[in-house]
Amino acid sequence: MKYEKNREFLKSSAWSKTSNEKSDQELGLKQPEIFKSYNKNKLIKLKNFKEIKFKEKSFSEIITSRRTRRKYTDKALTLEQLSYLLYTSYGITDKSSNRYLRAAPSGGNRQTIVTYLIVQNIQGIKKGIYRYIPLENAIIFEKNIDNMEEITSNAARDQKWIKKAGVIFVWTTIPYRGEWRYTDKSHKLILLDAGHICQNLYLASEAIGLGTCAIAAYHQKPIDNLIGVDGTNEFVIYLAPVGNL
Ligand SMILES: Cc1cc2nc3c(=O)[nH]c(=O)nc-3n(C[C@H](O)[C@H](O)[C@H](O)COP(=O)(O)O)c2cc1C
C-alpha cells in the first residue's frame with residue numbers, strides 16, 4: 001500500500017528511540033533557550049487575566065456550541081479580548097519550581113511553539129505582525145506590511161474570508177527545542193501540542209462570543225516570509241483567524 005511507509009511517523013513515539021541512538025541532551029549538548037529573546041522597551045502590556053471580567057458561557061455550553069466559524073463582522077476586537085485569547089490558549093499559568101507550565105499541555109514540556117499575530121482590526125493597536133511574549137503577558141510589534149490582508153489570504157491558499165478577521169493567530173515551531181531531548185521522534189509531539197493550543201483558542205473564542213477556524217491549508221514560504229521566520233530553525237505549522245460574529 002503506497003501510504004504505509006509514511007504512516008510510521010504517526011506511530012512514532014518520542015520515547016522509543018533505538019538503543020544506539022542518542023539525543024543531543026544525552027550527548028551533553030546545551031539545552032536550547034525555551035523562550036525567544038525580545039526587546040523589553042517594545043512591550044505592549046496585556047490585561048492581567050485575573051482582572052478580565054467577561055461573561056463566559058458555561059463549559060458544557062462551550063463544548064456543545066463550539067463550531068468552526070468563518071463569517072466575521074467588521075467590528076474590531078478589543079485588546080482585552082486579545083489578552084483573554086492569548087492567555088487561555090497558551091499563556092503561562094504556573095511558574096513554580098523552576099518550570100514554566102502553560103494553558104496547553106506539551107509533550108515532555110518541550111514547548112516548541114511560538115505565537116505570532118497578524119493584527120488586522122484590533123482597537124487601540126496598529127495593523128501589523130506582532131509576537132506574543134508570555135513571560136511578560138505582553139505582545140511586541142514586529143513589523144508593518146503593505147497590503148497585509150491580501151498577502152495573508154494568498155498565503156492561506158486564497159481563503160479570502162480571513163481578511164475580515166480581527167486577528168490571525170499564527171503558530172510557529174522551533175523544532176530543536178524538542179529534538180534536543182527526543183531527536184526527530186519529537187516531531188509528532190510538536191503537532192499534538194499545536195492541536196491543544198488551537199483547541200484552547202476554539203474554546204476560549206466560543207466562551208466569549210467570538211469565532212475562529214483552524215487553518216492548515218497555507219503556502220509554507222509565503223507565510224514564513226510574512227511572519228519573518230527562516231523556514232528551517234523556525235517555521236509556521238498552524239493558523240487560526242478570530243473575529244466578531
Ligand atoms: C487540522 C485542521 C485543519 C483545518 N484547516 C482548515 C482550513 O485550512 N480551512 C478551513 O476553512 N477549515 C479548516 N479546518 C476546519 C475544519 O474544516 C472543521 O473543523 C471541520 O469541518 C469540522 O467542523 P467543526 O470544527 O465546526 O466541528 C481545519 C480543522 C483542523 C482540525
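A: First a definition: a residue is near a molecule or strand if one of its heavy atoms lies within 4 Å of it. This is a predicted model, where local features need pLDDT of at least 70 and side-chain atom pairs count only at pLDDT 80 or more, while totals for chains, interfaces and linings use all residues. Residues are numbered from 1 along each chain as its sequence is written, and side-chain values use heavy atoms, with hydrogens and water left out.

Q: Fine. Which residues surround the ligand?

A: Arg-66, Arg-67, Thr-68, Arg-70, Gln-159, Trp-161, Cys-213, Ala-214, Ile-215, Ala-216, Ala-217 and Tyr-238.

Q: How does that shell divide by class?

A: Seven are nonpolar, two polar and three charged. Here Ala, Val, Leu, Ile, Met, Phe, Trp, Tyr, Cys and Pro count as nonpolar, Asp, Glu, Lys and Arg as charged, and the others, Gly among them, as polar.

Q: What about N and O pairs with the ligand?

A: The side chain of Arg-66 has an N or O atom 2.8 Å from a ligand oxygen. For Gln-159, a side-chain N or O atom is 2.9 Å from a ligand nitrogen. Ala-214 uses its backbone instead, with an N or O atom 3.1 Å from a nitrogen of the ligand.

Q: And how much of the ligand's accessible area does the protein cover?

A: On its own the ligand has 620 Å² of accessible area, and the protein covers 57% of that. The areas come from the Shrake-Rupley method with a 1.4 Å probe.

Q: Switching to voids. How many cavities of 30 Å³ or more are there?

A: Two. On a 1 Å grid over the protein atoms alone, a cavity is a set of points where a 1.4 Å probe fits but cannot get out; a pocket is an open set with protein on both sides within 12 Å along at least five of seven lines; lining residues have an atom within 4 Å of a point. Grid points are joined across faces, edges and corners, and a volume is the space filled by probe spheres set on the points.

Q: What's around the largest cavity?

A: The largest cavity holds about 130 Å³. Its lining has 15 residues, and the closest to the centre are Phe-35, Lys-36, Val-114, Tyr-132 and Pro-134. Strands E4 (113-119) and E5 (128-133) each supply at least two lining residues; strands (E, at least two residues) and helices (H or I, at least four) are DSSP runs, numbered from the N terminus.

Q: And the second largest cavity?

A: About 30 Å³. Among the residues lining the second largest cavity are Gly-107, Arg-110, Ser-186 and Asp-193. Helix H6 (residues 187-207) gives the most, with three residues.

Q: Where does Asp-184 sit, and what does it touch?

A: Asp-184 is in the loop between helix H5 (176-182) and H6. Leaving aside neighbours within four places in sequence, Asp-184 is in contact (heavy atoms within 4.5 Å) with Glu-21 and Glu-179.

Q: Now pockets. What volume does the largest pocket have?

A: About 230 Å³. Its lining includes Asn-48, Phe-49, Tyr-87, Lys-95 and Tyr-132, and divides into six nonpolar, three polar and two charged residues.

Q: And the second largest pocket?

A: That pocket has a volume of about 160 Å³. Arg-99, Arg-102, Arg-110 and Arg-181 are among its lining residues, which divide into three nonpolar, four polar and four charged.

Note on methods
A polar contact is a pair of N or O atoms within 3.5 Å; within protein, one must be able to donate a hydrogen and the other to accept it, and residues adjacent in sequence count only if both atoms are side-chain atoms.
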